[in-house]
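Let us read a structure together, one feature at a time. Keep the picture open as the questions come.

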Amino acid sequence: MPRRGETQEFRPFRRWFPFLVPLFVAANIALFVRTMYVNDCPAHAAAAAAAIGDSVGGAARAAAAHGCMLEPDLGRYAFQPYKENPLVGPTSATLLEMGALETGKVARDHEWWRLITCIWLHAGVIHILANMLSLLMIGIRLEKEFGFLRIGTLYVISGVGGSLLSALFMVSNISVGASGALFGLLGSMLSELITNWTIYENKCAALLTLVMIIVINLAVGILPHVDNFAHIGGFVSSFFLGFVLLMRPQFGYINQKNSRLGVHSATPKSKYKIYQIVLLVIALVILICGFITGFVLLMHGFDASQQCSWCHYLSCVPTSQWDCNKAPSNYCLSSQLGDQLNLTCQSTGKTETYVISSPSNPEAVKHLCLGLCS
């Protein structure tokens with residue numbers, strides 16, 4: 001009890017100390033460091049230079065050997081050349097080795113764990129900085145309000161939901177990043193506002209602000225090379241899950257429960273409104289049916305992009321500034337005969353023939369392709 005003359009702030013709901021979200025941030029950073037250690041750009045570049053040999057030319061060999069960003073300062077943690085990875089990070093091959101999402105490996109090889117591991121991996125420094133800053137700003141506030149157990153569950157399940165929708169629509173791409181889980185937190189904020197509508201003040205202002213934030217963030221997903229299906233999947237999953245996990249008791253029930261002995265209301269107050277229970281049941285049914293359907297379709301190798309002629313616009317809208325179907329600038333078609341390697345750059349149409357000691361060396365081919373397309 002407060003002393004005479006003192007006031008005590010009334011908090012109807014418990015406030016939690018946020019430790020899980022910072023722990024998630026630390027785990028993401030640690031995994032990115034581990035990914036760069038496995039990537040070891042200087043070693044792979046040196047092996048590529050040795051495989052290319054002298055017949056290709058000294059310039060190409062030197063470029064292969066010294067193409068890593070910040071190699072003198074970072075050593076084996078050096079980043080791939082900017083032309084290969086503009087996000088400043090590892091190769092796609094390293095990301096696949098670490099657990100990136102690829103539909104074929106999940107559907108054909110039954111590597112279902114990639115649906116979870118991919119949400120802890122990032123394609124580069126820029127990628128992880130943007131996601132971790134967003135996670136700290138959104139996640140800590142939610143963990144303070146609802147606790148580590150509910151927010152941790154929301155984060156992981158929404159991340160898996162994003163991975164599942166991405167695997168169904170982005171069949172030919174690989175995907176990494178916590179963006180699906182982050183959009184899940186935004187989706188849960190919206191459903192929390194709806195299900196706890198009666199306990200909020202300035203409801204319309206809060207709803208309008210939140211909807212604007214969500215629309216702006218989803219609009220970023222129409223840019224090329226951004227996996228907006230992961231964003232949408234994470235958002236929808238956690239939107240329905242928020243009705244289940246983030247439902248608040250009504251103030252009338254809390255006041256009655258905390259009132260002094262003998263001053264209880266004659267009519268007992270119910271803990272939840274009827275509409276809250278209805279929303280919970282509907283959301284739980286939709287969530288379970290949606291995940292079961294998604295897993296079954298993925299298990300049978302279903303390509304949703306082939307069944308929906310307009311759905312690709314949800315992830316990329318072509319404009320005069322970019323082409324959604326344009327091949328990456330460092331992508332080449334290759335063929336080989338003995339030690340002779342033929343490369344054609346998809347973006348420029350340039351074709352070149354090389355004679356190298358190891359035509360099957362992927363690092364050598366990659367560096368030759370970078371040189372051909374530059």
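Q: Which strands pair here, and in what sense?
A: First, a caution: this is a predicted model. Strand β3 (residues 332-337) pairs with strand β4 (residues 340-345). The sense is antiparallel, and there are six bridges. In a regular strand the side chains alternate between the two faces of the sheet.

Q: Which residue of β4 is the bridge partner of Leu 337?
A: Gln 340 is that partner. β3 and β4 form a hairpin, with two residues between them. In the turn, Gly 338 has a positive phi of about 70°.

Q: What is the phi of Asp 40?
A: Start with the general idea. Most residues other than glycine have a negative phi, and most peptide bonds are trans. Now the case here. Asp 40 is not a glycine, yet its phi is positive, about 45°. Look for Asp 40 in the loop between α1 and α2.

Q: And what is the phi of Leu 70?
A: Leu 70 also has a positive value, near 60°, and is a residue other than glycine. Leu 70 lies in the loop between α3 (58-65) and α4. A glycine example comes just after α14, where Gly 301 takes a positive phi of about 70°.

Q: Is Asp 40 buried or exposed?
A: The cut-off for buried is under 20% relative accessible area. Asp 40 has 13%, so Asp 40 counts as buried. Leu 70 has a relative accessible area of 45%, so Leu 70 is partly exposed.

Q: With which residue does Asp 40 meet in a salt bridge?
A: Side chains of opposite charge can pair when their charged atoms come close. In this model, the side chains of Asp 40 and Arg 76 meet at 3.5 Å, N to O. This pair links distant parts of the chain, 36 residues apart: Arg 76 is in the loop between α4 and α5 (92-98), and Asp 40 is in the loop between α1 and α2. Arg 76 is partly exposed, at 31% relative accessible area.

Q: How many salt bridges does the structure hold?
A: The structure holds four. One of them joins Glu 145 and Arg 15, at 2.3 Å from N to O. That pair spans distant parts of the chain too: Glu 145 sits in helix α8 (residues 125-146), Arg 15 in the segment before α1, 130 residues apart. Glu 145 has a relative accessible area of 22%, and is partly exposed. Arg 15, at 40%, is partly exposed as well.

Q: What is the partner of Arg 114 in a salt bridge?
A: Glu 111 is the partner, with the closest N and O atoms 2.5 Å apart. Salt bridges can also share partners: Arg 15, Glu 145 and Arg 248 are joined that way into one network. As for cover, Arg 114 is buried, with a relative accessible area of 5%.

Q: How many residues has helix α14?
A: Helix α14 (residues 274-299) has 26 residues. From first C-alpha to last, α14 reaches 38 Å, close to the 38 Å expected. Its buried residues include Ala 283, Leu 287 and Phe 291. The buried residues of α14 pack against several helices, among them α9 (148-169), α10 (179-195) and α12 (228-245).

Q: With which residues is Cys 41 in contact?
A: Leave aside neighbours within four places in sequence. Then Cys 41 is in contact with Cys 68, Arg 76, Ala 78, Phe 79 and Gln 80. Cys 41 is found in helix α2 (residues 41-52). At 3% relative accessible area, Cys 41 is buried.

Q: Which residues make the nonpolar surface patch?
A: Ile 29, Val 33, Tyr 37, Leu 70, Leu 74 and Tyr 77 make a patch of about 480 Å². Helix α1 (residues 20-39) gives the most, with three residues. Leu 74 belongs to helix α4 (residues 71-74). At 31% relative accessibility, Leu 74 counts as partly exposed.

Technical notes:
Residues are numbered from 1 along each chain as its sequence is written. This is a predicted model: local features need pLDDT of at least 70, side-chain atom pairs count only at pLDDT 80 or more; totals for chains, interfaces and linings use all residues. Side-chain values use heavy atoms; hydrogens and water are left out. Helices (H or I, at least four residues) and strands (E, at least two) are DSSP runs, numbered from the N terminus. The expected span of a helix is 1.5 Å times one less than its number of residues. Buried means under 20% relative accessible area, exposed over 50%, partly exposed in between (1.4 Å probe, protein chains only). Contact means heavy atoms within 4.5 Å. Two strands pair if DSSP finds at least two bridges between them. Patches are made of residues with over 30% relative accessible area and no salt bridge: like charges are joined within 9 Å, nonpolar side chains (Val, Leu, Ile, Met, Phe, Trp, Tyr) within 5 Å. Accessible areas come from the Shrake-Rupley method with a 1.4 Å probe; for residues, only the protein chains shown count as cover.
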